[in-house]
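Dear colleague,

Please find below the structure that I am handing over to you. My notes on it follow, arranged by topic.

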Amino acid sequence: MDFLTLTRRNLWRHPLRTTLTCGAIAMAVFLVCTLRSLVTTLDNSAVASRNERLWVQSAVSLFVSLPQSYQAKIEAIDGVDLVCKWQWFGGIYIEPKNFFGQFAVDPEKALSLYPELTVTEGSKEAFLGSRQMVLVGQGLVDRFGWKLGDKVPIMGTIFPHPDGADTPWEFEIAAIYQSSKPNVDNQMFLFHWDYFAETVETASGTAPDVGTYVVRTHPASDQSAIMREIDTMFENGPQRVQATTESEFQAQFVSMYGNVGFFVSAIGGAVLLAILLAALNTMLMSAREQTRDVGILKALGFSDGRLFAYMLGQSFALCLVGGAIGVSLALLLEKGISKAFAAMLPNYAVIPQTIVLAVGITFVIGLLAGILPALRARAILPVTALSDR
Amino acid sequence: MWIPFSYALRGLWQRKSTTFLAVFGLGTVVAILAGVLALQQGFEKLYSEHGRADLFVFLRPGATGEGDSSFPLVKAQTLIKSVPEIATDDKGRPLASMECYLAVRRFKVEGGETNVPIRGVQETTFDLRGPDVTIQEGRRFKPGADEVIVGRSLLGRIRNCQLGATIWINTTPFQVVGVLDSEGPFASEIWGDFNRMADALHREDPNRVIAQLQPGVDAKAFALKMETHPEVPAKVQTEREYLSSQTRALSSTLKVLAAMLGAIMGIAAVFTATNTMLSALAARTREVGTLLSIGFRPIAVFLSFLIESLLLGLLGGIVGCLLVLPIDGIRTGTMNFDTFTEVAFAFRITPEVLISAVSFALLLGLLGGAWPAWRACRLLPTEALRRR
C-alpha cells in the first residue's frame, strides 16, 4: 500500500468528520478569497488608467460645479487636444437601489476620448443622431435586461424635470458599448449635454454649470505643466480648480473609502485563525486515533522521518482539498457576487494573485495544523504507541 | 429520569484540549460578527444618541439631507420671522438659525483625500446648542471675520486643522481660532460665520434652518402644516430623526456584511461544533450504552448531548465577547455613504452587540449539536456496550 492510499484511507476512516472539516476550510477560504477580491477590485479601479486623460474638477468640493466658460479657456492651452464636459446626473432608475452613473457629456468628444469603448450593438451614428439618445454599458444591459430602442425613464433628483419633480427624464437606448479595459466602467449611461442643459434651463431658468471637464493632451506634451497651467489659470476664482491625471482622480475616490482595506484584512485574519483552530482540532483527534497505527508502522520498520511526513501529508491533503473547494466556490460565484455588488463596486473580479494567496494560506494552515501531530508521531516509541488503547 | 447537568459539564472538562480549541474557534467566529456590529453601533449611536428631540430641522421639501437641501435666502428669513410656532428668547428674537453646509475636499495627514463637512452658522446656533457644543481650546470665531473653529476629531487626521493654521475655502483664507468639542457628529466638522462662508462658497442660500419651538406646540401637526405652508413650505423633523436618517446606507451595509460573515463563518463553525460533539460521542459510546441500558430514556441522552453542545456554544460566545471587548472605545473614521463625508467615531460594544453575539453562539452550538445528539440517542445499548 503506497503513501497516498494510506493517507486517503486514514482520512476516510471518519468520512463525516473529514467532510465537515473540509467544508469548514472551504467556507473560510471562499470568504477570504471574496473579501480579498473586494479590496483588489477597489484598488484596481485606480490603476492602469490611460495617461493622456486629465480630469478638471472644483478644488473646493465634489458638490461644486464649474462655469461653462472654462471649457474654451482650457481648450486654448497649448498641448490640450480636446475638452469634454462630464456632468454627474445622479438620477434614479425606478428605485434608488438600481444605482449607476449617468453622465451628460459632449457625445462626439466623449467617444473620441474613450477609445476603450467599443460599440457592440447599435451605432455611434444612432447615438449622435438625436438628443434623447443614450449610449449604455453592457453591464447595465445585463443588469436591467435592456435592449436597443428601449425607452428608459430616469427621475432627476438633483435636476428635476421641468414638468415637475414627479416626471422622469426620457431617454432612448441607441447604442451599447463593451469596455475593453477593466478600469473603464462598463456600467456608464452617457447622454447628450445639449439635451441636459436645455432641459435644466427650462426648469430652473438658468443654464447649468459643469461638474467636471475631461481633457485630452497631445502625446508629446508635458502633462504636469498643463495641469499646473490649468490650476493657475483659475487660481483667483470664481471657482478654483484642480487638474489631476485619470488614475489620481479615481484613486481619490478610493482613498475616500478610508479604512475599508484595513477592516477587511482584520476580518480575514480572524477568519483564518478560526479555521486554523478547526483544522488543528481535527488533526489532533485523528492523530490520537492513529497512535496504535503509528506504533505498528514503526515496528514494521518505517522510519521516524517517514511517519513525520505521513502525518503532515494528511494535514496537507485535508487542507488543500478544502482550499481547492473554497477557491472553486469563489470562482464559480464570481458572476453572482459581481451582480450583487454591481451598484457599489462595478467590475468585481477574482484576480490570479488572490488565488495564489489562497493556495499559499491553505499550505500554511496545513503545515501549522499538522506539525504538532507529525512531531509527536516522529518522536513516539513503538512500544509506547502500541500500548495505547 | 433526566441526566444531571454536571454530566454534560464534565464531558467538556474531560476533553480539555478539544474543548479548548473548539471554544476558541467558535469564539473567533463570534468575535468577527461582534466586531462588525460594534462598528455599526458606534457609527449609528454617534448620530442617534446626540440628536436632540427638542430641536427642529427645516429642509427643502423633498430633500433627503442638508447637502441637497437649499432655501432661497429671503424665504429662509421669512420663515424665521413669520412662523409663530418658533420660540423666542427673552428679548423677543426668534430662536432659529440659518446654516449653510458643504462637504469640502481636504487632505488627510496620512495622505489621500477625504470630504469634510463645513458649516456656516449664525450666532443663535450657539444659544440653541448650549452645552452640546463647547470650545475645547482657543475661542469662537468672531461674527463677520474670516475665522473658523474645527471639530476635535479632525485634529491629527486632516491637514491644516491645528490652532493658528490657515484653511483655504475656494479663494478665501480662514484662520483656525478654536477647537470645537461635541459628542455628536459635529466633532468631525469645520464651523464658521454664516455670511462669510456663504460668501466664500458663492452660495448665498442657506441649506437648512434649525429652530426651537414654542412650548406646547405639537411637533407632528406642525410638520404637517409646514409641508403645505403657502409661503415657505418645508420638511420639518426633529434633529434626532434627521440625524438617524443620515445613517441608513452605511448602517444597513454593515448589517448586511455582519449577516454575510455570520452565515458563511457560521456554517464553518457548525461543522466544527459537529466534529467536536461527534468525537465526544465516539469517546463515550460505552457510557451512552450504559446510560441507555440502565433505563435512561433516549430523549434524556439527546438532551444531555444537546446541552453539552449548547454549553460549548455559550463558552464560545463568552470567549468571543472577551476577545472583542478590547476594541470598545477605539476611535476610527469611515465614510458615511449618506453624506459622503468622513466621520470619526469609536467602536461601541453595546448590550445589543453582546446579546447578538451570545445568541449567535448558542445557535451555532444548537445546530452543531443536533446531529451528534440524535446519533447518541439512537444507539442500541447492546451494540454500544460492545464497542471499545
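Before the contacts are described, one definition is needed: two residues are in contact if their C-beta atoms, placed from the backbone, lie within 7 Å. Please also bear in mind that this is a predicted model.

Chain A as a whole

Chain A contains 15 helices and 10 strands. Its C-alpha atoms occupy a box of roughly 95 × 45 × 30 Å along the principal axes. The radius of gyration of chain A is 30 Å, whereas a compact globule of 389 residues would have one near 21 Å.

The domains

In chain A, the assignment gives domain 1 (3-45 + 260-386) and domain 2 (60-239). Taken over C-alpha atoms, the centres of domain 1 of chain A and domain 2 of chain A are separated by 49 Å.

Chain B is likewise divided, into domain 1 (5-48 + 248-386) and domain 2 (61-233). The C-alpha centres of these two domains of chain B lie 47 Å apart. In the contact between them, domain 1 of chain B takes part with 10 residues and domain 2 of chain B with 13 residues. On the side of domain 1 of chain B that touches domain 2 of chain B, helix H2 (16-48) and strand S12 (341-346) of chain B each supply at least two residues. The largest share of that side, 4 residues, comes from S12(B). By class, the residues of that side of domain 1 of chain B are 5 nonpolar, 3 polar and 2 charged.

A helix pair within chain B

Helix H10 (residues 298-324) and helix H11 (residues 351-377) of chain B have axes that come within 7 Å and cross at roughly 150°. Angles over 145 degrees count as roughly antiparallel, and H10(B) and H11(B) are therefore roughly antiparallel to each other. The crossing of H10(B) and H11(B) is right-handed. The contact of H10(B) with H11(B) is made of 23 nonpolar, 8 polar and 1 charged residues.

Where the chains meet

The contact between the chains takes 42 residues from chain B and 40 residues from chain A. Several elements of chain B each supply at least two residues of the side that touches chain A: H2, strand S2 (96-107), strand S3 (113-121), helix H8 (248-283) and strand S11 (331-336). H8(B) gives the most to this side of chain B, with 12 residues. The side of chain B that touches chain A divides into 18 nonpolar, 20 polar and 4 charged residues.

Which helix of chain A packs with H8(B), and at what angle? Helix H2 (residues 15-44) of chain A packs with H8(B) at an angle of about 160°, and their axes are 8 Å apart. H2(A) and H8(B) are therefore roughly antiparallel to each other. The crossing of H2(A) and H8(B) is left-handed.

The residues of H2(A) that meet H8(B) are Leu16(A), Arg17(A), Leu20(A), Thr21(A), Gly23(A), Ala24(A), Met27(A), Ala28(A) and Leu31(A). Their counterparts in H8(B) are Ile264(B), Met265(B), Ile267(B), Ala268(B), Phe271(B), Thr272(B), Thr274(B), Asn275(B) and Leu278(B). The contact of H2(A) with H8(B) comprises 12 nonpolar, 5 polar and 1 charged residues.

Yours sincerely

Conventions
Residues numbered from 1 in each chain as written. Chains lettered and ligands numbered in written order. Predicted model: local features only at pLDDT ≥ 70, side-chain atom pairs only at ≥ 80, totals over all residues. Domains from an automatic or database assignment. Nonpolar A, V, L, I, M, F, W, Y, C, P; charged D, E, K, R; others polar. Axes fitted to C-alpha atoms, helices over the stretch in contact; angles between N-to-C directions. Parallel < 35°, antiparallel > 145°, perpendicular 65-115°, else oblique. Left-handed = near helix turned anticlockwise from the far one by under 90°. Rg over C-alpha atoms; globule rule 2.2 N^0.38 Å.
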